[in-house]
Amino acid sequence: MAEYQAPLRDIRFVLNEVFEADKLWQSLPGLEGAIDAETADAMLEEAGKITSQTIAPLNRNGDEQGAVWNDGQVTTPDGFREAYATYAAGGWVGLGGNPEFGGMGMPKTLGVQVEEMLYGANSSFALYIALTAGSTLALDAHGSEELKQKYLPNMYAGNWAGTMCLTEPHAGTDLGIIRTRAVPEADGSYSVTGTKIFITGGEHDLTENIIHLVLAKLPDAPAGPKGISLFLVPKFLVNEDGSLGERNAVSCGSIEHKMGIKGSATCVMNFDGARGYLIGELNKGLNAMFTMMNYERLSIGIQGIGCAEASYQSAVAYARERIQSRAPTGAVQPDKAADPIIVHPDVRRMLLTMKAMTEGSRAFSTYVGMQLDISKFAEDEAIRRKGEDLVALLTPVAKAFFTDVGFENCVHGQQVFGGHGYIREWGQEQLVRDVRIAQIYEGTNGIQALDLMGRKTVANGGAYFKVFADEIRGFIADNDAGEMQEFVQPLAAALDNLQQLTDLVIERSRANPNEIGAASVEYLHAFGYTAYAYMWARMARVALDAAEDADGFYQAKLGTARFFFKRLLPRIHSLSEAVRAGSEVLFELDATQF
């Protein structure tokens, strides 16, 4: 099993050469002077070291040992506490945090690279960091000045962790029917009572305090989602001087025994009249929580990229070393009993699929990170609005497509190993188990597809889609000549096809609402492959323009781009036919006939 190494060369290619992130940062007032290419490179180098050398070696033990619950207390796997302390000491927990409260204030374009390294090294460990980052984002955006001053500095420092508490035993996607109650107290706080399930990092031994963000309803709240409020509920109450006080009435009733990410504590949390503090406005908690949920959805999408990268690294190393049979064209290594399996067409198919889709994912995650930075920091209203529209459109694509592709890639990596891929000590089966959850939590991929098709496309008549499509068409117009025609012409055809699908579903849905859900998953995948075609065309442009290629890096980019366009992009044709088939066939059977 190859040891995970942060893919710094490829990260630098995407960040510096394809998207020229430094130019973007210097153009945004909130980032100008805060970060430059040299500083970013040094940070990436350091992040690569800590993820590869400190966090990755704990991955297998985290799976074997798992998080352990005992009488309300959770112990993380051996080594997690020490690694977390090292990570927090470097300021990494507050990487994207507000500098006013001790965060580093780094752009999301940089943050997505560090997140990928974390997930590639150790998904279970990464989740503790991700939940704290997401909760601080929501608190900073919607909390009062008093709450931010009181909680954010210690959360950014990694002294305190954060969670998001939404799901209940009877209420998952349909949060409007939650039963957790918040009763106002005379001192302005609230008494929070209820049970939440599937709470990542709800209890653990990594930090001295855990800050829960909890969705609940007041007794007289309106029914449904419009009656939900958001509360900050600390594990330990915090005194006026910032020291920890008494234990709050919140406890971990149990942890789940899961298929994967076993080092991550997935908790049942009981709130028994726990003291909480309102975040934002009453009955508008879902809007505040979506600030965190959108962050987490991109983050969980990146889990798919990280796991796929780790699987690819191991699969390539194994394919170069494992000898088995001869190449179809004759012996490649006649001095050995057989040739390495990388000579076989099907093994190359799997490896190239992993390489093309993982590198396409990395480029797309960076692109989405850019839109988040633009939507947050740009002064020009039109530019900022475009960024916001693209974030709204692309977040469900990123979460669902990254993780669907990530799972497929990890299965390919396991398959390259043959029988050894099914054996625990080689590590591939763990990656398959770990990445599988990413298609489910933070909103199942079916829900993401419904969000893309319904809310983000049909509901606005394709307005968000037009923003993205116009940008791609502009790129095509600027590059439709010479060697680039090999890439932009199939990109143009794919975009035209996606436009047709978009228009078709919008039109059909006017008469039949079922068309939205019937088309959604295949539409999202067709969208994903088309978006990756845009990413690969942009990468090919840079590779073609490269002045030097001593190590063959740029030639490999072009070869991988050609594989994507010739062997993977054609998948859109079957997906498109499924969308065009409509919804009727889904409803021919009565429920009793299933």
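This is a predicted model: local features need pLDDT of at least 70, side-chain atom pairs count only at pLDDT 80 or more; totals for chains, interfaces and linings use all residues.
Residues are numbered from 1 along each chain as its sequence is written, and side-chain values use heavy atoms, with hydrogens and water left out.

**Exercise 1.** Describe how helices α15 and α18 pack.

Step 1. The axes of α15 (residues 485-509) and α18 (residues 571-580) come within 10 Å and cross at roughly 15°. Helices are DSSP runs (H or I, at least four residues), numbered from the N terminus; axes are lines fitted to C-alpha atoms over the stretch in contact, with angles from 0 to 180 degrees between N-to-C directions.

Step 2. α15 and α18 are therefore roughly parallel to each other (angles under 35 degrees).

Step 3. In contact (heavy atoms within 4.5 Å), A494, N497, Q500, L501, L504, V505 and R508 of α15 meet I572, S576, V579 and R580 of α18.

Step 4. By class, the residues of this contact are six nonpolar, three polar and two charged.

**Exercise 2.** Find what lines the largest cavity.

Step 1. A cavity is a set of points on a 1 Å grid over the protein atoms alone where a 1.4 Å probe fits but cannot get out; lining residues have an atom within 4 Å of a point.

Step 2. The lining consists of L127, Y128, L131, A161, G162, T163, T200, G201 and H204.

Step 3. Two or more of these residues come from each of α7 (123-142) and β3 (160-165) (strands are E runs of at least two residues).

Step 4. The lining has four nonpolar, five polar and no charged residues.

Conventions:
Angles under 35 degrees count as roughly parallel, over 145 as roughly antiparallel, 65 to 115 as roughly perpendicular and the rest as oblique. Ala, Val, Leu, Ile, Met, Phe, Trp, Tyr, Cys and Pro count as nonpolar, Asp, Glu, Lys and Arg as charged, and the others, Gly among them, as polar. On a 1 Å grid over the protein atoms alone, a cavity is a set of points where a 1.4 Å probe fits but cannot get out, and a pocket is an open set with protein on both sides within 12 Å along at least five of seven lines; lining residues have an atom within 4 Å of a point.
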